[in-house]
Amino acid sequence: MNHFIWYPGHELLLKDIVRAENCYLYDSTGRRYVDLESGVWCTSTGHGNPRILRVIAEQAAQISHTGFGYSSPVVEDTALEMLSLLGLEGGKCVFLCSGSEAVEYGVRVAQSIADRPLFMTMTDSYFGAYGSASLRREDEWFCFDWAECAACSLTGECDERCAHWRAIPFEEIGGFLFEPGSSSGLVRFPPERLIRSIVRTVRKSKGLLLVNEVTTGVGRTGAWFGYQHYGISPDIVAIGKGIGNGYPVSVSALSRVVVERLGSREIKYAQSHQNDPLGAAVAREVVRVIREEKLIERAVELGRVLGTGLEEIRVRTGLIKDVRARGLMVGLELVDDAEHSFTIRTHRELIRRGFVVGRRPGVNVLRLDPSLTVERGDIEAFLVALEDVLREQETK
Ligand SMILES: Cc1ncc(COP(=O)(O)O)c(C=O)c1O
């Protein structure tokens, strides 16, 4: 394992995974692990989902990739399905490969039509590996720190009563890029009151609402999209990860209003894998599987089992500081020291016992984002193991 470059800060703990099926990973000796992270939160309908595999084989045998001068009906068909799912009928989609690309595309569109130069986002949001939203130059981005908003005692809309609110330069802001929940791996959900107030104020001056659904989309939070928990209607939506179930496809969807404001203006963005029929076919089938197999309802139900179980362990052990959960997106903040040694030991021991969970380097947070197809029995077995591991590691 010396000849490829791994993610910075992340421990490569299992080097011998040779096969995967639904929520299970198998090493070359046949040992099974329960994947409660679904890769990097991608395998929404389970590793090797038979319906997705079939579509990949069939579409690849027909046509997987197109050129600058020709396309295939599956791309238009998937675009229509995505727009209908998002309530953005009359808009347009572009299919790309990664979440970073989908966010960047949406930001470039918004920047090209916005009336004001500055865009707003939250300090703890993550948008991808490159691009304007990731770099966040001060002349392009105003970043709002909402850390104190969660405990705010004011009622009604956010307004001038609040010093944090007064510091937002709304008169310069042309758009708001909202990430409804992942927060750089910490899993934090900004308060509905704050988000609705920001959206209303930005909209008053014809500002745009962009939503990054790369992590929170396609059922992860117990709704099709994370923004639906906030009662807001975006102009631009970036979707990635779960929409490909592990295949690299992403979507940037634009509303009819955005398309009209764009008019004949061209978006200066082109890459080789753009609107590939294979990616579009996968995205369409993922949506169909989730809808037909009622996986969102399943995410709500199993999210309740997981969230309640974790909360009970928190109360019983006193070793968990906070359980942050929405659907099957869960962050578990442990009680730990500045070195995070308890979190690191707990993470390693859970994996040793056969439960793959996520750990973001440098913080006390473990992360669970299982496939929507996860079995209840695996969640229950994990809860038993977690309590045991927490108690065991506390004494070390
Ligand atoms: C919230 C969020 N947005 C965007 C991205 C970028 O997606 P990708 O890694 O597919 O480029 C990520 C990746 O983890 C993410 O968590």
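Helices are DSSP runs of H or I with at least four residues, strands are DSSP runs of E with at least two, and both are numbered from the N terminus.

The model is a predicted one, in which local features need pLDDT of at least 70 and side-chain atom pairs count only at pLDDT 80 or more, while totals for chains, interfaces and linings use all residues. Residues are numbered from 1 along each chain as its sequence is written.

Helix α4 is mostly covered, with 12 of its 15 residues buried. A residue is called buried if 20 or more other C-beta atoms lie within 10 Å of its own, exposed if 12 or fewer do, and partly exposed in between, the C-beta atoms being placed from the backbone. Among the buried residues of α4 are Glu101, Glu104, Tyr105, Val109 and Ile113.

The protein is divided into domain 1 (17-49 + 294-394) and domain 2 (51-292); these bounds come from an automatic or database domain assignment. The centres of domain 1 and domain 2, taken over C-alpha atoms, are separated by 27 Å. Contact between them involves 27 residues from domain 1 and 27 residues from domain 2, where two residues are in contact if their C-beta atoms, placed from the backbone, lie within 7 Å. On the side of domain 1 that touches domain 2, the elements giving two or more residues are α1 (38-41), α10 (295-317), β11 (320-326), β12 (329-334) and β15 (365-368). Of these, α10 gives the most, with 5 residues.

A further feature is an open sheet of 4 strands in the order β1-β2-β3-β13, with mixed pairing. Because β1 (17-21) and β13 stand at the edges, each with a single partner strand, one side of each is left without a neighbour in the sheet. Two strands pair if DSSP finds at least two bridges between them. Strands β2 (residues 24-27) and β3 (residues 32-35) run antiparallel and are joined by 3 bridges, with tyrosine 24 opposite valine 34 in β3. These two strands, β2 and β3, form a hairpin with 4 residues between them, and glycine 30 in the turn has a positive phi of about 95°.

Strand β3 also pairs with β13 (residues 355-356), in the parallel sense and over 2 bridges. The bridge partner of valine 34 in β13 is phenylalanine 355, and that of aspartate 35 is valine 356.
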